[in-house]
Amino acid sequence: MSEMTQEEALRLADELVQQALKEAGARCSVLAAFIQECDRAGATTPEWSEALRELHALQASRRGLLLRRSLILQALDCPVGENPSKVPPPAP
């Protein structure tokens with residue numbers, strides 16, 4: 001069995017983060033729809049409160065995943081063995 005290279009590991013990490021983002025986004029959509037329906041009905045039930053808490057937690061988790069993905073992509077853009085601080089930042 002061959003050893004995984006740094007680039008392969010980063011690409012795998014990126015795929016995993018993308019999948020986690022997709023799953024979190026789908027769950028956020030479901031929760032948002034439920035919350036919106038409760039709001040329309042004027043029903044602020046314990047289930048509504050729990051959905052709201054879960055939605056906020058998922059949004060925080062998504063922000064963390066987006067940050068991780070950004071770091072992974074930066075690492076992929078940096079040639080192996082090169083110090084990232086010596087690589088000029090990408091153009092805006």
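At 43% relative accessibility, Arg11 counts as partly exposed, a class that lies between buried (under 20% relative accessible area) and exposed (over 50%), as computed with a 1.4 Å probe on protein chains only. The model is a predicted one, in which local features need pLDDT of at least 70 and side-chain atom pairs count only at pLDDT 80 or more, while totals for chains, interfaces and linings use all residues. Residues are numbered from 1 along each chain as its sequence is written, and side-chain values use heavy atoms, with hydrogens and water left out.

The side chain of Arg11 meets that of Glu7 in a salt bridge, at 2.7 Å from N to O; the term stands for a side-chain nitrogen of Lys or Arg within 4 Å of a carboxyl oxygen of Asp or Glu. Glu7 is itself partly exposed, with a relative accessible area of 40%. Arg11 and Glu7 are 4 residues apart in helix α1, so about one helical turn separates them. Helices here are DSSP runs of H or I with at least four residues, and strands are runs of E with at least two, numbered from the N terminus. As a general point, side chains of opposite charge can pair when their charged atoms come close.

A search of the whole structure finds 5 salt bridges. Among them is the pair formed by Glu37 and Arg40, whose closest N and O atoms are 2.7 Å apart. Glu37 and Arg40 also belong to helix α1, where a spacing of 3 residues puts about one helical turn between them. Glu37 is partly exposed at 46% relative accessibility, whereas Arg40 is exposed, with a relative accessible area of 58%.

We turn next to the packing of the helices. Helix α1 spans residues 6-41 and helix α2 residues 46-77; the two pack at an angle of about 155 degrees, with their axes 8 Å apart. The axes are lines fitted to C-alpha atoms, for helices over the stretch in contact, and the angles run from 0 to 180 degrees between N-to-C directions. The angle makes α1 roughly antiparallel to α2, because angles over 145 degrees count as roughly antiparallel, those under 35 as roughly parallel, those from 65 to 115 as roughly perpendicular and the rest as oblique. The residues of the contact of α1 with α2 divide into 22 nonpolar, 3 polar and 9 charged. In this grouping Ala, Val, Leu, Ile, Met, Phe, Trp, Tyr, Cys and Pro are nonpolar, Asp, Glu, Lys and Arg are charged, and the others, Gly among them, are polar.

Ile72, in helix α2, is buried at 11% relative accessibility. The C-alpha atom of Ile72 lies 8.1 Å from that of Arg11, although the two residues are 61 apart along the chain. Leu52 is also found in helix α2 and is partly exposed, with a relative accessible area of 27%. Leu16, in helix α1, is exposed, with a relative accessible area of 55%. From Leu16 to Leu65 the C-alpha distance is 10.0 Å, and the two are 49 residues apart in sequence.

Finally, the cysteines deserve a word. Cys28 is buried at 11% relative accessibility, and Cys38 is buried as well, with a relative accessible area of 10%. The structure holds 0 disulfides, a disulfide being a pair of cysteine sulfur atoms within 2.5 Å.
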